[in-house]
Amino acid sequence: MSGVLLQSPGKINLTLTVTGRRSDGFHDLSTLFFRLPAVEMLTLRPDKVHNVNDMLVVRGAPLPARNTITRSFELLRRKSGRIPPVEVELSKRIPPGSGLGSGSGNAAAILRWGAARYGVPLQPAELASVGADVPFLYSGEGCALATGVGECLQPMPLARPLWVVVLVPRWSSDTAAAFAGIDAARAGRQWGTAEEGERVARSVAEDLERGASVGMLPNDFAGGLLRLHPEYRRFFDLAERRGAPAWGITGSGSSAFALARCAGEAFHLAAAGERFPWVRCCGVV
């Protein structure tokens, strides 16, 4: 095995409906994913020094000892004993808790590499066991509706080109705490159904495809995040004034985004968004 460079994708959620809590603690979702290409890069080399265990070198942000990269190699080796110890180098550009799926993108890149190089068949449920975003990012689809815990995908390609302005604030979002908040809010109340979530996702996709203005995109976590961080509204107001067709919060936060119809509009919006003092970074992906 020689060294390889892998592009690691990310995602935004154009819609996100939580449709139930399973007995195993995981949540069922209905979400419209939109792919962000190559938000991070990974380098894989044969580990000739340690020769027994993998070596993970991360620059830019700390990762827990067990993470989506280690879980990806665990999955690959459960399926094939041919995968040697590997040195992985990752330049972390996206901080954890941003809702952009960068950790799942790291996993998807490694799993695609392992599946192709060693002929390892991977099922959607196995991919979802690493992370709910992994089946979509592994699939290579540009836009897809996901249900279940993320393992059931329906490709929903958008022919109309869209640019994505991503804003990462200085705060992060704890995914487990966010879902606990949803559970508390839904206690004793009816959950939304997968059919309702799919109907919302298809409606948004159709509106974007015909060039309509959608405004704030539906996300079950957005209300709580807006109450906690009203600063988001300044970016959304800016996006509306600049003529963006849609904007919203991705995943359970913390990042926000706006869509643009052309590159010029996107870069102007990103430049204006980066001037907010509570913003870590704002750019076009």
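User: What share of the contacts in the protein with a separation of 6 or more is accounted for by residues 24 or more positions apart?

Analyst: The model is a predicted one. Among the contacts with a separation of 6 or more, 74% are accounted for by residues 24 or more positions apart. A contact here requires heavy atoms within 4.5 Å.

User: Why is the protein called as compact as a globular protein of its length?

Analyst: The protein contains nine helices and eleven strands. Its radius of gyration is 19 Å, and the globule rule gives 19 Å for 285 residues; the two values are close, and the protein is therefore described as being as compact as a globular protein of that length. Along the principal axes, the C-alpha atoms fill a box of roughly 55 × 45 × 35 Å.

User: What percentage of the residues is buried, and how much accessible surface does the protein have?

Analyst: Buried residues make up 49% of the 285 residues. The accessible surface comes to about 13,000 Å², and carbon and sulfur atoms contribute 52% of it.

User: Why is E40 called buried?

Analyst: The term buried applies under 20% relative accessible area. E40 has a value of 1%, so it is buried. This residue is found in strand 2, which covers residues 27-46.

User: What makes the pairing of the E40 and N106 side chains a polar contact?

Analyst: A polar contact calls for a pair of N or O atoms within 3.5 Å, one able to donate a hydrogen and the other to accept it. The side chains of E40 and N106 make such a contact at 3.1 Å. Beyond four places in sequence, E40 also touches other residues, including L6, Q7, L90 and R93.

User: Why does A194 count as partly exposed?

Analyst: Partly exposed lies between the buried limit of 20% and the exposed limit of 50%. The relative accessibility of A194 is 32%, so A194 is partly exposed. A194 belongs to helix 6, residues 194-209, and is in contact with T19 and S30, its neighbours within four places being left aside.

Technical notes: Residues are numbered from 1 along each chain as its sequence is written. This is a predicted model: local features need pLDDT of at least 70, side-chain atom pairs count only at pLDDT 80 or more; totals for chains, interfaces and linings use all residues. Side-chain values use heavy atoms; hydrogens and water are left out. Helices (H or I, at least four residues) and strands (E, at least two) are DSSP runs, numbered from the N terminus. The radius of gyration is taken over C-alpha atoms; the globule rule is 2.2 Å times the number of residues to the power 0.38. Buried means under 20% relative accessible area, exposed over 50%, partly exposed in between (1.4 Å probe, protein chains only). Accessible areas come from the Shrake-Rupley method with a 1.4 Å probe; for residues, only the protein chains shown count as cover.
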